[in-house]
Amino acid sequence: MAIRNMQVATRSLDADMTVDEFKEWLRRFDTDRDGRISRDELRRAMRAIRARFTGWRSRQGISYADADGDGYIDDSEVDGLIEFAQKNLGLKIVAY
C-alpha cells in the first residue's frame, strides 16, 4: 500500500496515493453514505490533511469537479476532483 502514516481518516502529504486509495480515503468522509461527496464532506476531508482555507477550497473543488452542477461529486466526477487535489492541495495521486 502506498499510503504511509495513515490514521483513520488522515494521511501524510509526503506519500504517494493511488487513485483507488484516494477514492477509498474520500469515501470515509461520505458521512450520509449517499455515494456522493458534498461541500461539507469535502471540507472535512481537506481538514484531515491539514489544508488551509478549507471552506474556500472545498467550494473551489466542488466547482472544479462538479460536471453536472448538482453541488456534489459522484463517481463519474472523481477524476476532476483528483486533478484539483493534485494541482491545489499538493496531493500525490498516481495511477498504479
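Author: Helices here are DSSP runs of H or I with at least four residues, numbered from the N terminus, and they are assigned on a predicted model. With that convention, Phe53 belongs to the loop between helix 2 (39–48) and helix 3 (54–65).

Reader: Why is Phe53 called exposed rather than buried?

Author: The relative accessibility of Phe53 is 60%, and the term exposed applies over 50%, so Phe53 counts as exposed. As for its position relative to Arg43, ten residues away along the chain, the two C-alpha atoms are separated by 9.2 Å.

Reader: What makes the contact between Arg27 and Glu24 a salt bridge?

Author: The criterion is a side-chain nitrogen of Lys or Arg within 4 Å of a carboxyl oxygen of Asp or Glu; the N to O distance between the side chains of Arg27 and Glu24 is 2.9 Å, and therefore the pair qualifies. The structure holds five salt bridges, this pair being one of them.

Reader: How do you know that Arg27 and Glu24 are separated by about one helical turn?

Author: Both residues lie in helix 1 (residues 19–27) and are three residues apart, which means a separation of about one helical turn.

Reader: Why are Arg27 and Glu24 called partly exposed?

Author: Partly exposed covers the range between the buried limit, under 20%, and the exposed limit, over 50%. Arg27 has a relative accessibility of 43% and Glu24 has a relative accessible area of 40%, so each falls in that range.

Reader: What makes the pair of Asp70 and Arg36 a link between distant parts of the chain?

Author: Asp70 sits in the loop between helix 3 and helix 4 (78–88), whereas Arg36 sits in the loop between helix 1 and helix 2, and the two are 34 residues apart.

How values were computed:
Residues are numbered from 1 along each chain as its sequence is written. This is a predicted model: local features need pLDDT of at least 70, side-chain atom pairs count only at pLDDT 80 or more; totals for chains, interfaces and linings use all residues. Side-chain values use heavy atoms; hydrogens and water are left out. Buried means under 20% relative accessible area, exposed over 50%, partly exposed in between (1.4 Å probe, protein chains only).
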